Amino acid sequence: MDRRLACILAAIAGALNTAAFHAVGFFSANMTGNVSSLSDHAALGDWWVSLFYLSIVLAFVLGASVSTLLINAGRRRNIRSIYAISILAEATLMVLLGGAELLIPSMARGPVLILGLSFLMGIQNAVVTRISDARVRTTHISGMSTDIGIELSMLFDIARGRERQAEAAPYRSKLRLHVQTVLSFLAGGIAGVVVYQAIGTRLLFATAALLFMMAGQAILRSRAPVNPFSVQ
């Protein structure tokens with residue numbers, strides 16, 4: 001996976017996460033916050049609210065599980081475009097979710113939107129995790145923020161001669177990747193709210209179109225002799 005793909009997927013995750021929160025008050029990708037809210041409401045005896053937060057987390061886990069099973073099956077069959085196919089599946093399901101949002105009664109739209117997006121974000125995060133060998137997450141930034149802190153400190157010690165100079169290049173490369181990904185998530189979050197205010201649920205269709213385009217390009221590149229998703 002190249003930097004451009006990481007940044008685009010992080011921007012998409014940021015846009016959907018903040019748009020969902022703006023629309024219904026729940027995050028679809030922030031599992032740390034959702035588990036904390038689950039704990040808080042459970043401690044207060046708000047069991048129905050706790051159950052809903054639990055369902056969000058389970059939807060995310062289910063999405064990651066489905067994505068992993070799909071990728072494993074593709075790799076066993078030597079399907080080089082399996083990661084692109086997984087993104088294609090995410091785009092298809094996003095269109096279905098957008099259609100459901102337009103058709104179902106308004107009372108059910110909030111829960112369906114959050115649970116559906118959590119499932120899709122689980123799919124996306126698992127795809128990116130597998131592509132990058134766990135170096136990148138696009139649906140949340142806690143881990144990458146930690147990595148940025150580690151990389152900055154390592155480069156500081158290298159500059160002072162406390163660590164080997166030969167290790168500087170890999171740390172610089174990872175630092176650029178993680179900073180760009182976090183900034184993309186931030187920019188996507190801002191854009192997500194602005195676009196949602198302008199076009200509402202049609203944001204899902206616009207996002208799906210972008211994913212379709214990315215997946216199609218990746219499938220075409222997968223015919224090349226090199227891995228189209230190699231991290232650079």
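## Aromatic rings and accessibility in a predicted model

At a relative accessibility of 26%, F27 is classed as partly exposed. The structure in question is a predicted model, not an experimental one.

**Aromatic pairs**

A pair of aromatic rings is described by two quantities, the distance of the centres and the angle of the planes. Rings count as a pair if their centres lie within 6.5 Å, and by this rule the model holds three aromatic pairs. In one of them, the ring centres of F21 and F27 are 4.4 Å apart and the planes meet at 10 degrees, so this pair is stacked. The cut-off behind that label is an angle under 30 degrees.

F26 and F52 form another aromatic pair, with 4.9 Å from centre to centre and 75 degrees between the planes, which is an edge-to-face arrangement. This pair links distant parts of the chain: F26 belongs to the loop between α1 (3–24) and α2 (31–43), whereas F52 belongs to helix α3 (residues 47–76), and 26 residues separate the two. Together with Y53, F26 and F52 make up one aromatic cluster.

**Helix α1 and the residue after it**

Helix α1 contains 22 residues. From its first C-alpha to its last, α1 reaches 31 Å, close to the 32 Å expected at 1.5 Å a residue. G25 follows α1 and has a positive phi, near 85 degrees.

**Buried and exposed residues**

Which residues are buried, and which are exposed? A residue counts as buried under 20% relative accessible area and as exposed over 50%, with partly exposed in between.

| Residue | Relative accessible area | Class |
|---|---|---|
| F21 | 40% | partly exposed |
| F27 | 26% | partly exposed |
| F52 | 18% | buried |
| N78 | 67% | exposed |
| T181 | 0% | buried |

F52 is buried because its 18% falls under the limit of 20%. N78 is exposed because its 67% is over the limit of 50%.

N78 is placed in the loop between α3 and α4 (82–103). Between N78 and L16 there are 62 residues of separation in sequence and 32 Å in space, taken from C-alpha to C-alpha.

T181 is part of helix α7 (residues 168–199). What does T181 touch, not counting residues up to four places away in sequence? With those left out, T181 touches A6, C7, A10, V136, R137 and M144. Among these, A6, C7 and A10 fall within the range 3–24 of α1.

Notes: Residues numbered from 1 in each chain as written. Predicted model: local features only at pLDDT ≥ 70, side-chain atom pairs only at ≥ 80, totals over all residues. Heavy atoms only, no water. Phe/Tyr/Trp six-rings, centres within 6.5 Å; stacked < 30°, edge-to-face > 60°. Buried < 20%, exposed > 50% of the residue type's maximum accessible area, 1.4 Å probe, protein only. Helix = DSSP H or I, 4+ residues; strand = E, 2+ residues; numbered from the N terminus. Expected span 1.5 Å × (residues − 1). Contact = heavy atoms within 4.5 Å.
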